[in-house]
Amino acid sequence: MAGDLPLDPVTFEVLKNSFITSVDQMGEQVLRTCYSFVIYNRDFSSALHDAHGECAAQGNQDIAVHVGTLHFTCKDVMRFFGDDMHEGDVFAINDPYAGGTHFPDVRLIRPIFADGKIIAFSQSNGHWSDVGGSVPGSFDVAAREMFREGLRITPVRLFDRGRFCKDVAHLVASNTRDPASIIGDIQAQSQATQVCAREILRLVNKYGRDTVETGLAAVQDYVERSVRQRIAALPDGEWETVDFIDRDPAGGEGMIPIRIKLTIKGDRAIYDFTGSHPTIGSIYNSAFGTTFSAVAAGMKTFFPDLPLNSGFYRCFEIIAPEGSIIDAKWPIAVTGFLMPFEKIMNSIYEMWSKLMPERALACAFNLEYLLTGGLDARSSDKPIFMFYDWLPGGWGGRNGKDGSNVTTACFGTGLMSQPVEGQERANPILTTECEILKDSPGPGKWRGGAGVVKTSRMLQAEKTVISYICDRERAVVWGIEGGLPSMPHGLTLMRAGGQGEERLGSIFSDVPIGEGDIFSRPTAGGGGFGDPLERDPALVVEDIKDDYVSVERAAKDYGVVVRTIDAELCEYEVDTAATAALRAKIRAERVAKVRLDPEVVAENYRSGAISVLDVIRQHAVILDWGTGALLPKSTSQFREVFERRSVAKWSAG
Amino acid sequence: MVQNLRVAVDVGGTFTDICIMDEATGLIRIEKTSSTPDPIEGIMGGVSKAGIDLSEVALFSHGTTVATNALITRRLPRTAVVTTKGFRDVIEIRRANKEDLWDTYKDVVKPYVPRRDRLTVPERVDAGGLVVEPLDVEAAREVARILKRRNVAAIAVCFMNAYLNGANERAMREILLEEVPDIPVSISSQVLPEIFEHERFSTTVANAVVSPVVVSYTSRLGERLANEGYTRDLLLLHTGGGVMTPASVRDFAARLAGSGIAAGAIASRYIAGLCGYPNSIGLDMGGTSTDVSLAYEGQSRITKDWHIEFGYPIRFASIEVLTIGAGGGSLAWTDSAGSLRNGPQSAGAFPGPACYGNGNTQPTNTDANVTLGRLGSNLAGGKVQLAPALARQAVEDGVAKPFGLGLHEAADAIVKVANANMSDAVRLISISRGYDPRDFALVAFGGAGALHGVDIARELAIPVVIVPPNPGVTSALGCLLVDMQHDFSQSCMVGADEADAADIEARFAALEEEALARLTHEGIASQDIVLQRSIDMMYRGQWRSLAVHAPSPIGAIADLVQSFHSEHQREYNFRRDSAPVSFFRLNLKAVGVVPKAEFAVHEPTGAIPEPVGRRRVWFEGNGLDTPVYERDDLPCGFSFQGPAIVEQVDATTVVPPGASAEVDKYLNIIIRVKE
C-alpha cells in the first residue's frame with residue numbers, strides 16, 4: 001500500500017492538503033465578495049486542474065451538482081484557445097453543451113504559469129443571478145430550445161495578460177438583467193482564481209515545478225486507487241432501476257422514464273441508461289456533462305470521505321443513448337437539467353443501497369424553484385423586483401435512522417435557504433407561514449425526513465408573474481425496503497377576493513398574479529425505509545409530540561393507536577392491544593388496497609372519502625390533484641415500481 | 001485592607017489554572033489544580049491551595065466553559081420558544097444546509113429547543129417595521145399558561161422583523177412575566193436587533209437555554225467568593241474578549257459560550273504587544289487541537305460568523321479563533337491508498353500517546369517528538385514519565401515500516417505533516433485574509449506550541465517566535481489582561497449615497513447611551529470608558545460586509561466610503577472605486593478600561609546558565625548533540641543559538657539549528673527563526 005507514491009510521503013500528503021486548501025481559499029473569497037445572491041447562498045464551486053485540464057482538487061464545500069463538470073469546461077477552454085493562453089489571462093464559459101451545467105453557472109478559468117509554461121488552471125464557478133433570456137432568473141420552463149433561456153457563453157477571454165477586456169465583459173453583462181452585479185461577480189470570481197494561483201506558485205517556489213506537477217497527477221491516482229480498491233471489494237453484479245420525470249408537456253399523459261443499469265465488474269462501475277426516454281418538450285433535459293455529474297455526485301455519496309478529483313471520475317463509465325433525455329444536444333433546452341439530475345442521483349442511492357446497506361437511503365424530496373417578478377409598488381418609483389426562492393424538504397429514511405428533516409435538495413447539500421426577513425425587504429411579499437409540514441414524512445420503519453410548507457401573500461405589486469419549476473407531483477417521492485411514499489409536490493394559488501383554490505401544480509410559467517393573491521407550496525418529506533408496521537410505537541409517539549405526525553396518520557400509516565392524555569403537556573400513550581389489532585388488519589388488507597381499481601380510488605378521492613395521502617400511500621394511484629381525474633398511465637407506472645420497492649418487502653403477517 | 005492581588009482562573013477540561021499577580025511587584029505565579037465535575041470546587045480548592053486571601057484581591061476574573069459545555073452536552077433546562085404564528089420552525093429549518101455535504105448518515109445536531117416546546121402566537125411586524133398585526137393578547141396568555149404548566153426554566157421570544165420594532169416582543173414578555181414570574185425571558189429585539197430571522201432567533205434561543213445554567217453558576221461562585229472575603233464583582237470573560245459582571249450575564253448569558261477560547265487569543269495579543277509586535281498570530285497547541293488567532297495593529301480579529309455547533313449561529317461579536325484537530329495526541333496513520341495522514345483522530349488524554357504506556361500503539365505527534373529527542377522522557381516536572389522505547393516502536397511499526405523509512409526519517413515525516421496542516425490553518429486566517437505573515441510574530445503556547453512553533457514560522461516566513469514564560473497556562477493569563485467590554489450592534493441598511501450622517505450619528509449616540517448605562521451600572525467611572533465605533537459596509541449588491549472603523553463624531557460619509565475601499569483592497573485584493581457602497585450594520589464596542597498591572601521587568605544579569613543536560617536531537621535527519629536548558633535557569637538577557645532545547649514544567653521549547661534565541665525583560669524567549 002504505502003510506498004505506491006511517486007513522491008515521498010511527506011511531500012505527497014502536504015501537496016494533497018495544500019491543493020485542497022488552495023481551492024477552499026478560492027471558495028471562501030468568492031463567498032465573501034460575490035454579488036449574486038445565489039452564489040452567496042452557496043451555489044458555487046471551485047477547482048484546481050492539472051495542465052491537461054483534469055481536476056486535481058475540488059472544494060470540500062462545493063455544491064454537488066457541479067461535481068464532475070469542471071474538468072469538461074476547463075478542457076473546452078483549452079481546446080478553443082490552444083497555445084493562445086498567457087499569464088494573466090482569465091477565460092469564461094457557461095456552455096452546457098460543452099460540459100457546463102446550465103447558463104446561469106458561469107465559470108472563470110485562469111491558466112497558472114510556472115517557468116513560462118502552464119502548470120495548472122484554477123476555476124471558479126458561480127450561479128449568476130441572471131443571464132438574460134425570456135424570464136428573470138433565466139429559467140423559462142416553456143423553452144424548447146436554448147434561444148429563450150439565456151446567453152450561451154462559449155469560451156471567451158475576459159482578462160488579456162492581466163488587462164480587463166471591458167468590451168467582452170460588457171457584452172456579457174449587457175445581455176443580463178443586472179449588468180452591475182455581473183461585472184462585480186466577474187471581478188470576485190477572477191480574483192478568487194488568483195488566490196488559488198498564488199498558492200500554487202508558492203508550492204512551485206518551495207517544491208519545484210516538477211514536484212508540483214507530479215503531485216497534481218499523484219493526487220488523482222491516489223483517489224482512483226482508493227475507489228477501485230473499494231469497488232473491487234464489492235461483489236460483481238447488475239442492479240437496475242427506473243425513476244421518472246412527471247410528464248412531457250409536449251406529449252400525452254404518462255411519466256418519462258429514466259432507466260439505469262449499474263454493472264459492477266472488478267474494480268469498475270458501469271452505468272447504462274439504455275431504455276431512457278428521448279428528450280422532451282420542456283427544459284427538463286440533461287446534456288451529457290450533467291448526466292456525468294449526476295452519476296458522480298450520486299456515487300460520491302457512498303464514498304463520503306474521499307477527496308474529489310478526476311481520479312474518482314475515472315472509476316466509472318456511462319453508456320448514454322444519443323438523443324435521450326440524459327444526452328440532450330444543442331439547441332435543446334436544458335436549463336431544468338436538475339430534474340433528471342436528481343432522478344439519477346436517487347436511482348443511484350437506490351442501487352447502491354443494495355451494495356452498501358449500511359449507507360442505504362430512500363428517495364429525497366424534489367428541488368423546487370419559485371420565480372416571481374414584476375414591479376414593486378410599495379415605493380413610488382416602482383423598481384423591478386425578482387423573488388427567486390427555493391425550499392428545503394425531507395430526505396429519505398435510512399437503515400436504522402429516520403431521514404433528515406428539512407434539508408436542502410440533494411443536488412446541492414451546501415445550498416442555503418434564504419431568510420424571510422431579507423426577502424420581505426427586497427420584495428413586495430409577506431410570508432404568512434414557513435413551517436414543517438405535519439405528515440409529510442414518508443412512513444417507514446425508519447420514516448423519511450419532514451418537508452415544509454411556505455405560504456406567501458403578494459403586497460403592492462404590478463405587472464407580476466409567477467413561474468414554478470418542480471417535479472414529483474406524479475413521480476411521488478418513494479420509499480424502499482417496504483417503506484411508503486411521502487406526498488406530491490405542487491403549488492396552490494388563492495386569488496384575492498376568495499374564488500377558492502387553484503392548483504397550478506409543479507411546472508408552469510408566467511401566470512399573472514396581483515396584490516392579495518396567496519400562493520402556497522409544500523415540499524415533500526423523504527420516502528420511508530422499511531415496513532412502517534414495524535416501526536417502534538414509542539417513536540411514533542415522539543413524532544406525535546412534536547407534530548411531525550398526526551394521531552390520525554399514526555393509525556393509518558403505522559397502525560399505531562395513540563390516546564391523547566394531555567396535549568398541553570405532550571402526554572400521549574400507545575394503546576397496545578388496539579395497535580396489535582390494527583396492524584394485523586392493515587397487514588391483511590394492504591396488498592389488496594394497492595391493487596384496487598384506480599377508477600374506484602379516484603372516485604373515492606373526488607367524493608372526499610379519502611385524502612391525497614390515502615390515495616398515494618394506500619392505493620399507489622396518481623391523479624390530477626386539482627380535478628381528481630385518474631392518470632391511468634402514470635398510475636400503472638407508479639404501481640409497477642411501488643410493487644417492487646414496497647409491496648414485495650412487506651411481510652404477510 | 002490593601003487589595004493588591006489580581007486573580008484569574010481558567011477552567012479547562014483537565015486542569016484549572018489560577019494565575020495570581022501581585023500589583024505591587026508585577027510578579028506572576030501560577031497554580032495548577034485538577035478540574036472537578038462542579039468547576040467551583042476546583043476553583044475554590046485551587047484558591048486555597050495557592051494560599052490566596054480573597055480579601056486582598058482587587059480583581060477576580062474567570063474564563064469558563066460552563067456555557068459551552070452545557071450547549072455541547074445538551075444538559076440544558078427545559079426551555080420554550082414563543083414565536084410568530086407560521087414560524088414555529090425557524091430554528092429547525094435553519095438555512096437547511098449541512099456541515100458534511102457528502103455523508104448522508106451524518107446529520108446536523110438537533111435544535112436546542114425541540115418542536116414540542118416551540119409555541120406560536122398571532123402577531124406580525126412587516127419589513128418596514130410597522131405592526132401589521134398586534135399581539136393577540138388572549139393567545140399570548142394561553143401560551144403563557146401552558147408554559148407554566150410545563151414548568152419551563154427559560155423562555156425565548158422570537159418574532160419576525162422584531163429587529164425593526166420590538167413592541168410585540170416586549171408585550172409578550174410583559175405577559176410572560178405576569179403569568180410565569182421568575183423565569184428568565186430573552187427577547188430577540190434586545191438580545192440581537194439584527195436582520196435575518198434564523199441568526200437572530202438562534203442567538204436568542206442559545207441565550208435563553210444557557211441563561212439558567214450560567215446565572216446559577218455565576219451566582220454560586222460569586223457567593224462562595226464573597227463568603228471567603230472577596231468584596232468586588234466577579235468578572236466573567238466573554239467571547240468578545242472582554243469581561244462582564246454577573247448583572248450583564250443575566251441578560252447576555254450566551255456571550256459566555258466560547259469564553260475559554262478567547263482567553264488564549266487575548267494573552268497572545270497582549271504578550272506580543274509588550275514585545276513590540278502589534279501584529280501577531282497566536283498558536284495554542286494542546287493535546288487534541290490547536291487554536292489559531294490573529295491580532296493586527298493591536299486588535300484581535302472579530303467575527304460574528306460563529307457557532308458552538310454547526311447550524312446554530314451565535315451572532316455576538318467574538319474573537320476569531322480557528323480550531324483544527326491537530327495536537328500532541330493526534331494520530332499519524334496510513335490510509336488505504338497509502339498516504340501518510342495526521343489527525344484529526346487523537347489518542348486523547350487516555351490512553352494518550354504510545355509513550356504514555358497506557359496501551360495505545362499507534363504513533364502520535366508526541367511519540368514522533370520523543371523519537372526525535374525533542375521531547376525528553378519527563379513531563380510536568382517529573383510527574384509524567386514517558387517511555388521512549390514505546391514511542392520508537394509505534395513510529396517504527398506505524399510509519400517507518402509501511403513506507404520503508406528509517407526510524408528518524410519516519411518521525412520527522414510525522415512532524416512535518418502535522419506542521420504543514422497547522423501552517424495551512426494559519427494561512428487561512430492570515431494570508432487568505434490579506435495579511436502578510438512576514439509582518440507578524442508567532443506566539444507559541446499551549447503544551448505543544450513551542451515544540452512546533454519555529455518550524456511553522458519558517459514554513460510561513462514569519463520571522464519571530466515568542467514563547468511566553470508559562471506557555472501551558474497562557475489562557476489563564478489572558479483572563480487577567482482584559483477590560484470590561486460590551487458589544488452593541490444594530491442593522492442599518494442604507495446606501496452610502498443616501499445615508500444621512502446626522503441620522504447615523506444619532507443611532508450611534510443611542511447605542512452609546514445604552515453602553516454608558518451598562519458600564520456605569522457595572523461600576524466603571526466615565527473617564528475609564530472608551531467607545532469604538534465601526535460600520536459594516538459592502539459594495540451595493542454584495543452579500544457579505546466588511547467592518548470599517550468609524551470616527552466619533554461620524555464625519556463625512558465620503559471618508560467612510562474611502563476607508564471601505566481600502567479595507568476591501570487589503571482583504572480581497574481588489575476595489576471598485578466607481579461602484580456604489582452600502583451600509584449594513586452599526587457596531588459599537590464599549591470598553592471599561594480596567595487598570596492593568598505592569599508585568600515585572602527584569603534586568604539582564606549577564607549570567608550564563610549551564611545546560612542541565614545534553615542529548616541527541618534529530619533535525620532534518622541529523623542527530624545533533626544538543627544542550628538542554630531548564631527554563632527557570634534562563635535569566636533576562638541570555639542569548640543562545642540553536643540547536644537547543646528548553647524544558648519547563650508545562651512545555652518544551654525547540655530552538656532548531658540556525659535559529660537564535662534571547663530571553664527578554666519579561667522572560668519571554670524571543671526566537672529569530674532565520675535558517
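This is a predicted model: local features need pLDDT of at least 70, side-chain atom pairs count only at pLDDT 80 or more; totals for chains, interfaces and linings use all residues.
**Chain B: helices 4 and 5**

With the two helices displayed, helix 5 of chain B spans residues 167-179, and its axis comes within 9 Å of that of helix 4 of chain B, at a crossing of roughly 45 degrees. The two helices are therefore oblique to each other. Their crossing is right-handed.

**Chain B: helices 12 and 13**

Next, select residues 407-429 of chain B, which form helix 12, together with residues 446-460, which form helix 13 of chain B. The axes of this pair are 9 Å apart, and the packing angle is about 60 degrees. That angle makes helix 12 of chain B oblique to helix 13 of chain B. Here too a handedness can be assigned: the crossing of helix 12 and helix 13 of chain B is right-handed. To display the contact, pick B:Asn419, B:Met422, B:Ser423, B:Val426 and B:Arg427 on helix 12 of chain B, then B:His452, B:Asp455, B:Ile456, B:Glu459 and B:Leu460 on helix 13 of chain B. Coloured by class, the contact between helix 12 and helix 13 of chain B shows four nonpolar, three polar and three charged residues.

**The interface of chain B with chain A**

Now bring both chains into view. Chain B contributes 59 residues to the contact and chain A contributes 74. Several elements of chain B give two or more residues to the side that touches chain A, among them helix 3 (90-93), helix 7 (197-227), strand 20 (340-346) and helix 11 (388-403). Helix 4 (137-150) and helix 12 of chain B, both visited above, also belong to that list. Helix 12 of chain B supplies the largest share of this side, with eight residues. The side of chain B that touches chain A holds 25 nonpolar, 15 polar and 19 charged residues.

**Chain B: domains**

Colour chain B by its domain assignment: domain 1 (5-69 + 215-256), domain 2 (71-210), domain 3 (268-481 + 597-675) and domain 4 (484-592). The C-alpha centres of domain 1 and domain 2 of chain B are separated by 32 Å. Seven residues of domain 1 of chain B and eight of domain 2 of chain B make the contact. On the domain 1 side, helix 2 (residues 66-73) of chain B provides the largest share, three residues. That side of domain 1 of chain B has five nonpolar and two polar residues, and no charged ones.

**Chain B: two cis peptide bonds**

Return to strand 20 of chain B, where B:Pro344 lies. The peptide bond from B:Gly343 to B:Pro344 is cis, with omega near -5 degrees. Then move to the loop between strand 27 (546-550) and helix 16 (557-572) of chain B, which contains B:Pro553. A cis peptide bond joins B:Ser552 to B:Pro553, and its omega is about -5 degrees.

**Chain A: annotated region and domains**

Turn to chain A and select residues 8-532. An unreviewed UniProt entry annotates this range as "domain: Hydantoinase B/oxoprolinase". Over residues 8-532 the chain is 28% helix and 25% strand, with the end C-alpha atoms 54 Å apart. The domain assignment of chain A lists domain 1 (9-223), domain 2 (361-524), domain 3 (536-574) and domain 4 (578-653). For domain 1 and domain 2 of chain A, the C-alpha centres lie 31 Å apart. Their contact takes 15 residues from domain 1 of chain A and 17 from domain 2 of chain A. The domain 1 side of that contact divides into eight nonpolar, three polar and four charged residues.

**Chain A: helices 7 and 9**

Select helix 7 (residues 288-300) and helix 9 (residues 338-355) of chain A, whose axes are 8 Å apart and pack at an angle of about 35 degrees. Helix 7 of chain A passes helix 9 of chain A in a right-handed crossing. Residues of helix 7 of chain A to show include A:Ala294, A:Val295 and A:Gly298; those of helix 9 of chain A include A:Phe341, A:Ile344 and A:Ile348. The contact of helix 7 with helix 9 of chain A divides into nine nonpolar, three polar and no charged residues.

**Last stop: A:Asp510**

Finish in strand 19 (residues 507-513) of chain A, at A:Asp510. Although not a glycine, A:Asp510 has a positive phi of about 60 degrees.

Conventions. Residues are numbered from 1 along each chain as its sequence is written. Chains are lettered from A and ligands numbered from 1 in the order in which they are written. Axes are lines fitted to C-alpha atoms, for helices over the stretch in contact, and angles run from 0 to 180 degrees between N-to-C directions. Helices (H or I, at least four residues) and strands (E, at least two) are DSSP runs, numbered from the N terminus. Angles under 35 degrees count as roughly parallel, over 145 as roughly antiparallel, 65 to 115 as roughly perpendicular and the rest as oblique. A crossing is left-handed if the near helix is turned anticlockwise from the far one by less than a right angle, and right-handed if clockwise. Two residues are in contact if their C-beta atoms, placed from the backbone, lie within 7 Å. Ala, Val, Leu, Ile, Met, Phe, Trp, Tyr, Cys and Pro count as nonpolar, Asp, Glu, Lys and Arg as charged, and the others, Gly among them, as polar. UniProt positions are given in the numbering used here, feature names are shortened, and annotations may be inferred rather than shown by experiment. Domain bounds come from an automatic or database domain assignment.
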